[in-house]
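The sequence and structure come next.

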Amino acid sequence: MNDVSARGLVIVTGGSRGIGAAICRKLAADGYAVAVNYAARSADADAVVAGIRQSGGRASAIAADVSNEDDVRRLFELAQAELGPLAGLVNNAGITGASGRLDELTLDVLTRTMAINVIGTILCARDAVRILSTRHGGRGGSIVNLGSVAARLGAPGELVQYAASKGAIDSFTMGLAREVGDEGIRVNAVAPGIIDTEMNSQERQARVGPTIPMKRAGTAAEIAEAVAWLMSPAASYVTGTIMTVSGGR
Ligand code: NAP
(Lines give C-alpha, C1' and ligand atoms only; values in the text may rest on other atoms or scores of the structure.)
Protein backbone atom coordinates (compact mmCIF):
# COMPACT_ATOMS: atom_id res chain seq x y z
CA MET A 1 0.00 0.00 0.00
CA ASN A 2 1.35 3.42 -0.98
CA ASP A 3 1.19 6.56 1.17
CA VAL A 4 -2.51 7.46 1.03
CA SER A 5 -1.96 11.07 2.03
CA ALA A 6 0.13 11.63 -1.09
CA ARG A 7 -2.41 11.11 -3.82
CA GLY A 8 -5.70 12.50 -2.51
CA LEU A 9 -9.29 11.46 -2.99
CA VAL A 10 -10.90 9.82 -6.01
CA ILE A 11 -14.69 9.51 -6.24
CA VAL A 12 -15.75 6.36 -8.10
CA THR A 13 -19.40 6.38 -9.10
CA GLY A 14 -21.01 2.95 -9.10
CA GLY A 15 -18.04 1.67 -7.12
CA SER A 16 -19.96 -0.98 -5.21
CA ARG A 17 -19.69 -3.87 -7.64
CA GLY A 18 -18.47 -4.99 -11.06
CA ILE A 19 -15.93 -2.77 -12.81
CA GLY A 20 -16.38 0.05 -10.29
CA ALA A 21 -15.49 -2.18 -7.34
CA ALA A 22 -12.31 -3.35 -9.10
CA ILE A 23 -11.41 0.29 -9.82
CA CYS A 24 -11.91 1.21 -6.15
CA ARG A 25 -9.64 -1.63 -4.98
CA LYS A 26 -6.94 -0.79 -7.53
CA LEU A 27 -6.95 2.95 -6.79
CA ALA A 28 -6.80 2.27 -3.05
CA ALA A 29 -3.83 -0.05 -3.60
CA ASP A 30 -2.20 2.75 -5.62
CA GLY A 31 -2.49 5.10 -2.64
CA TYR A 32 -5.68 7.07 -3.23
CA ALA A 33 -8.44 7.56 -0.68
CA VAL A 34 -11.58 6.26 -2.39
CA ALA A 35 -15.23 7.32 -2.14
CA VAL A 36 -17.22 4.23 -3.10
CA ASN A 37 -20.48 5.57 -4.52
CA TYR A 38 -23.52 3.35 -5.03
CA ALA A 39 -27.22 3.72 -5.79
CA ALA A 40 -29.07 1.09 -3.77
CA ARG A 41 -27.02 -1.94 -2.73
CA SER A 42 -25.30 -0.66 0.42
CA ALA A 43 -24.03 -4.11 1.51
CA ASP A 44 -21.95 -4.38 -1.66
CA ALA A 45 -20.45 -0.91 -1.14
CA ASP A 46 -19.73 -1.68 2.52
CA ALA A 47 -17.91 -4.88 1.50
CA VAL A 48 -15.66 -2.95 -0.91
CA VAL A 49 -14.89 -0.38 1.80
CA ALA A 50 -14.16 -3.10 4.38
CA GLY A 51 -11.75 -4.83 2.00
CA ILE A 52 -9.86 -1.60 1.31
CA ARG A 53 -9.61 -0.75 5.01
CA GLN A 54 -8.38 -4.25 5.84
CA SER A 55 -5.57 -3.68 3.35
CA GLY A 56 -4.62 -0.42 5.07
CA GLY A 57 -6.37 1.96 2.69
CA ARG A 58 -8.93 4.70 3.23
CA ALA A 59 -12.44 4.48 1.81
CA SER A 60 -16.05 5.46 2.55
CA ALA A 61 -19.32 4.27 1.04
CA ILE A 62 -21.62 7.09 -0.08
CA ALA A 63 -25.11 6.60 -1.53
CA ALA A 64 -26.08 8.96 -4.32
CA ASP A 65 -28.06 8.72 -7.55
CA VAL A 66 -25.73 10.28 -10.12
CA SER A 67 -28.69 11.49 -12.17
CA ASN A 68 -29.91 13.63 -9.25
CA GLU A 69 -28.21 17.03 -8.97
CA ASP A 70 -28.69 17.34 -5.20
CA ASP A 71 -27.35 13.82 -4.65
CA VAL A 72 -24.26 14.61 -6.71
CA ARG A 73 -23.57 17.82 -4.77
CA ARG A 74 -23.90 15.91 -1.49
CA LEU A 75 -21.64 13.11 -2.80
CA PHE A 76 -18.80 15.58 -3.46
CA GLU A 77 -19.33 17.37 -0.12
CA LEU A 78 -19.43 14.18 1.99
CA ALA A 79 -16.52 12.55 0.16
CA GLN A 80 -14.24 15.54 0.75
CA ALA A 81 -15.38 15.98 4.36
CA GLU A 82 -14.55 12.32 5.10
CA LEU A 83 -11.52 11.71 2.88
CA GLY A 84 -9.83 15.04 2.12
CA PRO A 85 -9.16 17.05 -1.03
CA LEU A 86 -10.34 15.77 -4.39
CA ALA A 87 -7.74 14.51 -6.88
CA GLY A 88 -9.96 12.75 -9.37
CA LEU A 89 -13.28 11.32 -10.50
CA VAL A 90 -14.13 8.03 -12.19
CA ASN A 91 -17.51 8.24 -13.93
CA ASN A 92 -18.29 4.53 -13.86
CA ALA A 93 -21.98 4.28 -12.86
CA GLY A 94 -24.04 3.04 -15.76
CA ILE A 95 -26.94 0.84 -16.80
CA THR A 96 -27.84 -0.91 -20.04
CA GLY A 97 -31.61 -0.60 -19.66
CA ALA A 98 -33.81 -3.35 -21.13
CA SER A 99 -32.25 -5.38 -23.94
CA GLY A 100 -34.20 -5.64 -27.20
CA ARG A 101 -34.92 -3.99 -30.54
CA LEU A 102 -35.55 -0.24 -30.71
CA ASP A 103 -39.20 -0.77 -31.68
CA GLU A 104 -39.73 -2.42 -28.28
CA LEU A 105 -38.08 0.39 -26.30
CA THR A 106 -40.15 2.31 -23.75
CA LEU A 107 -39.66 6.00 -22.98
CA ASP A 108 -39.10 5.09 -19.33
CA VAL A 109 -36.09 2.85 -20.14
CA LEU A 110 -34.71 5.40 -22.61
CA THR A 111 -35.02 8.27 -20.14
CA ARG A 112 -33.43 6.30 -17.29
CA THR A 113 -30.52 5.13 -19.47
CA MET A 114 -29.72 8.64 -20.66
CA ALA A 115 -30.24 10.13 -17.19
CA ILE A 116 -27.72 7.81 -15.51
CA ASN A 117 -25.19 7.23 -18.29
CA VAL A 118 -25.09 10.69 -19.88
CA ILE A 119 -26.56 13.28 -17.51
CA GLY A 120 -25.04 11.55 -14.47
CA THR A 121 -21.58 11.54 -16.03
CA ILE A 122 -21.83 15.18 -17.09
CA LEU A 123 -23.20 16.36 -13.72
CA CYS A 124 -20.42 14.61 -11.80
CA ALA A 125 -17.76 15.95 -14.18
CA ARG A 126 -19.17 19.46 -13.82
CA ASP A 127 -18.92 19.36 -10.04
CA ALA A 128 -15.40 17.90 -10.27
CA VAL A 129 -14.29 20.69 -12.63
CA ARG A 130 -15.67 23.31 -10.24
CA ILE A 131 -13.38 21.88 -7.54
CA LEU A 132 -10.30 20.84 -9.53
CA SER A 133 -9.89 23.56 -12.16
CA THR A 134 -7.06 26.02 -11.61
CA ARG A 135 -9.50 28.58 -13.06
CA HIS A 136 -11.48 28.18 -9.82
CA GLY A 137 -8.40 28.03 -7.58
CA GLY A 138 -8.21 24.23 -7.66
CA ARG A 139 -5.12 22.01 -7.80
CA GLY A 140 -5.98 20.16 -10.99
CA GLY A 141 -6.73 16.44 -11.29
CA SER A 142 -7.92 13.68 -13.55
CA ILE A 143 -11.33 12.50 -14.76
CA VAL A 144 -11.84 9.06 -16.31
CA ASN A 145 -15.17 8.20 -17.93
CA LEU A 146 -16.41 4.68 -18.70
CA GLY A 147 -17.44 4.48 -22.33
CA SER A 148 -17.94 1.26 -24.28
CA VAL A 149 -17.01 -0.33 -27.60
CA ALA A 150 -20.80 -0.23 -28.12
CA ALA A 151 -20.32 3.44 -29.05
CA ARG A 152 -18.72 2.34 -32.35
CA LEU A 153 -20.37 -1.12 -32.77
CA GLY A 154 -23.89 0.18 -32.12
CA ALA A 155 -25.24 -2.95 -30.36
CA PRO A 156 -27.94 -3.58 -33.00
CA GLY A 157 -30.89 -5.74 -31.98
CA GLU A 158 -29.94 -5.45 -28.32
CA LEU A 159 -28.98 -2.07 -26.92
CA VAL A 160 -28.86 0.72 -29.49
CA GLN A 161 -30.02 3.29 -26.92
CA TYR A 162 -27.23 2.20 -24.57
CA ALA A 163 -24.71 2.42 -27.44
CA ALA A 164 -25.94 5.95 -28.19
CA SER A 165 -25.46 6.91 -24.53
CA LYS A 166 -21.85 5.72 -24.71
CA GLY A 167 -21.32 7.61 -27.98
CA ALA A 168 -22.22 10.70 -25.98
CA ILE A 169 -19.53 9.79 -23.43
CA ASP A 170 -16.89 9.72 -26.18
CA SER A 171 -17.92 13.18 -27.47
CA PHE A 172 -18.11 14.59 -23.97
CA THR A 173 -14.68 13.21 -23.08
CA MET A 174 -13.01 14.78 -26.11
CA GLY A 175 -14.79 18.11 -25.70
CA LEU A 176 -14.22 18.51 -21.97
CA ALA A 177 -10.56 17.49 -22.32
CA ARG A 178 -10.05 20.39 -24.73
CA GLU A 179 -12.10 22.79 -22.61
CA VAL A 180 -10.03 22.27 -19.45
CA GLY A 181 -6.73 21.23 -21.01
CA ASP A 182 -4.88 24.25 -19.63
CA GLU A 183 -6.68 24.21 -16.27
CA GLY A 184 -4.77 21.27 -14.78
CA ILE A 185 -7.43 18.65 -15.54
CA ARG A 186 -6.94 15.64 -17.81
CA VAL A 187 -10.10 13.95 -19.12
CA ASN A 188 -9.98 10.48 -20.67
CA ALA A 189 -12.24 7.48 -21.21
CA VAL A 190 -11.86 3.72 -21.10
CA ALA A 191 -14.02 1.80 -23.57
CA PRO A 192 -14.43 -1.80 -22.37
CA GLY A 193 -15.58 -4.68 -24.53
CA ILE A 194 -17.56 -7.51 -22.93
CA ILE A 195 -16.60 -7.74 -19.27
CA ASP A 196 -17.63 -10.44 -16.80
CA THR A 197 -19.98 -8.49 -14.49
CA GLU A 198 -23.68 -8.61 -13.63
CA MET A 199 -24.28 -6.29 -16.60
CA ASN A 200 -23.60 -9.21 -18.98
CA SER A 201 -25.49 -12.48 -18.60
CA GLN A 202 -23.49 -15.69 -18.87
CA GLU A 203 -25.58 -16.43 -21.99
CA ARG A 204 -24.44 -13.17 -23.63
CA GLN A 205 -20.81 -13.81 -22.70
CA ALA A 206 -21.01 -17.32 -24.19
CA ARG A 207 -22.70 -16.01 -27.36
CA VAL A 208 -20.35 -13.06 -27.99
CA GLY A 209 -17.16 -14.67 -26.65
CA PRO A 210 -16.27 -16.56 -29.87
CA THR A 211 -16.48 -13.29 -31.88
CA ILE A 212 -13.83 -11.63 -29.72
CA PRO A 213 -10.29 -11.95 -31.17
CA MET A 214 -9.00 -13.07 -27.75
CA LYS A 215 -12.01 -15.47 -27.45
CA ARG A 216 -12.99 -14.47 -23.93
CA ALA A 217 -14.72 -11.81 -21.88
CA GLY A 218 -12.48 -9.43 -19.96
CA THR A 219 -12.31 -9.08 -16.21
CA ALA A 220 -13.19 -6.04 -14.13
CA ALA A 221 -9.59 -6.00 -12.89
CA GLU A 222 -8.32 -5.65 -16.48
CA ILE A 223 -10.45 -2.50 -16.90
CA ALA A 224 -9.30 -1.16 -13.53
CA GLU A 225 -5.66 -1.32 -14.69
CA ALA A 226 -6.40 1.02 -17.61
CA VAL A 227 -8.44 3.42 -15.46
CA ALA A 228 -5.73 3.55 -12.81
CA TRP A 229 -3.05 4.32 -15.38
CA LEU A 230 -5.09 7.15 -16.90
CA MET A 231 -5.74 8.49 -13.39
CA SER A 232 -2.05 8.36 -12.46
CA PRO A 233 0.79 10.86 -13.00
CA ALA A 234 2.28 8.30 -15.44
CA ALA A 235 -0.37 9.52 -17.92
CA SER A 236 0.55 13.19 -17.38
CA TYR A 237 0.51 14.06 -21.12
CA VAL A 238 -2.59 12.00 -21.97
CA THR A 239 -5.92 13.79 -22.35
CA GLY A 240 -8.92 13.47 -24.66
CA THR A 241 -8.07 9.82 -25.26
CA ILE A 242 -10.48 6.90 -25.46
CA MET A 243 -8.58 3.77 -24.49
CA THR A 244 -10.19 0.60 -25.81
CA VAL A 245 -9.80 -2.47 -23.57
CA SER A 246 -11.72 -5.16 -25.40
CA GLY A 247 -9.58 -8.17 -26.27
CA GLY A 248 -9.33 -6.82 -29.83
CA ARG A 249 -13.07 -6.41 -30.44
P1 NAP B 1 -22.68 -3.28 -12.93
O2 NAP B 1 -21.95 -4.49 -12.50
O3 NAP B 1 -24.11 -3.40 -13.35
O4 NAP B 1 -22.57 -2.17 -11.73
C5 NAP B 1 -23.18 -0.95 -11.89
C6 NAP B 1 -22.79 -0.02 -10.76
O7 NAP B 1 -23.39 1.26 -11.00
C8 NAP B 1 -23.26 -0.48 -9.39
O9 NAP B 1 -22.30 -0.09 -8.43
C10 NAP B 1 -24.55 0.33 -9.20
O11 NAP B 1 -24.90 0.57 -7.84
C12 NAP B 1 -24.15 1.64 -9.86
N13 NAP B 1 -25.28 2.46 -10.28
C14 NAP B 1 -26.31 2.15 -11.08
N15 NAP B 1 -27.15 3.19 -11.21
C16 NAP B 1 -26.62 4.20 -10.47
C17 NAP B 1 -27.01 5.53 -10.18
N18 NAP B 1 -28.15 6.04 -10.70
N19 NAP B 1 -26.24 6.28 -9.37
C20 NAP B 1 -25.09 5.77 -8.83
N21 NAP B 1 -24.66 4.51 -9.06
C22 NAP B 1 -25.43 3.74 -9.87
O23 NAP B 1 -21.94 -2.54 -14.15
P24 NAP B 1 -20.47 -2.82 -14.76
O25 NAP B 1 -20.57 -3.94 -15.71
O26 NAP B 1 -19.50 -2.87 -13.67
O27 NAP B 1 -20.28 -1.49 -15.65
C28 NAP B 1 -19.61 -0.34 -15.14
C29 NAP B 1 -19.46 0.68 -16.25
O30 NAP B 1 -18.75 0.10 -17.34
C31 NAP B 1 -20.78 1.17 -16.83
O32 NAP B 1 -20.70 2.53 -17.17
C33 NAP B 1 -20.94 0.33 -18.08
O34 NAP B 1 -21.77 0.94 -19.04
C35 NAP B 1 -19.49 0.23 -18.52
N36 NAP B 1 -19.25 -0.90 -19.40
C37 NAP B 1 -19.46 -2.16 -18.97
C38 NAP B 1 -19.22 -3.22 -19.83
C39 NAP B 1 -19.42 -4.66 -19.42
O40 NAP B 1 -19.29 -5.52 -20.28
N41 NAP B 1 -19.72 -4.96 -18.17
C42 NAP B 1 -18.81 -2.98 -21.14
C43 NAP B 1 -18.61 -1.67 -21.56
C44 NAP B 1 -18.84 -0.64 -20.68
P45 NAP B 1 -25.93 -0.42 -7.04
O46 NAP B 1 -25.18 -1.71 -6.82
O47 NAP B 1 -26.26 0.29 -5.79
O48 NAP B 1 -27.09 -0.61 -7.96
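Which pocket does the space taken by the ligand form?

## Pocket and basis

The ligand takes up the space of the largest pocket (on a 1 Å grid over the protein atoms alone, an open set of points with protein on both sides within 12 Å along at least five of seven lines). The model is predicted, with local features needing pLDDT of at least 70 and side-chain atom pairs pLDDT 80 or more, while totals for chains, interfaces and linings use all residues. Residues are numbered from 1 along each chain as its sequence is written, and side-chain values use heavy atoms, without hydrogens and water.

## Shell around the ligand

Around the ligand are 30 residues (a heavy atom within 4 Å), of which Arg17, Ala40, Tyr162, Thr197 and Asn200 come nearest. Helix 2 (18–29), strand 2 (33–38), helix 5 (107–132) and helix 7 (160–179) each give two or more residues to this shell (DSSP runs, H or I of at least four residues for helices and E of at least two for strands).

The side chain of aspartate 65 places an N or O atom 2.9 Å from a ligand nitrogen. Ligand oxygen atoms lie 2.8 Å from a polar backbone atom of asparagine 92 and 2.8 Å from a backbone N or O atom of isoleucine 195.

Terms used: Polar contact = N/O pair within 3.5 Å; in protein donor to acceptor, adjacent residues only side chain to side chain. 1 Å grid on protein atoms, 1.4 Å probe; cavity = no way out; pocket = protein on both sides within 12 Å on 5 of 7 lines; lining within 4 Å. Sits in = over half its atoms within 2 Å of the grid points.
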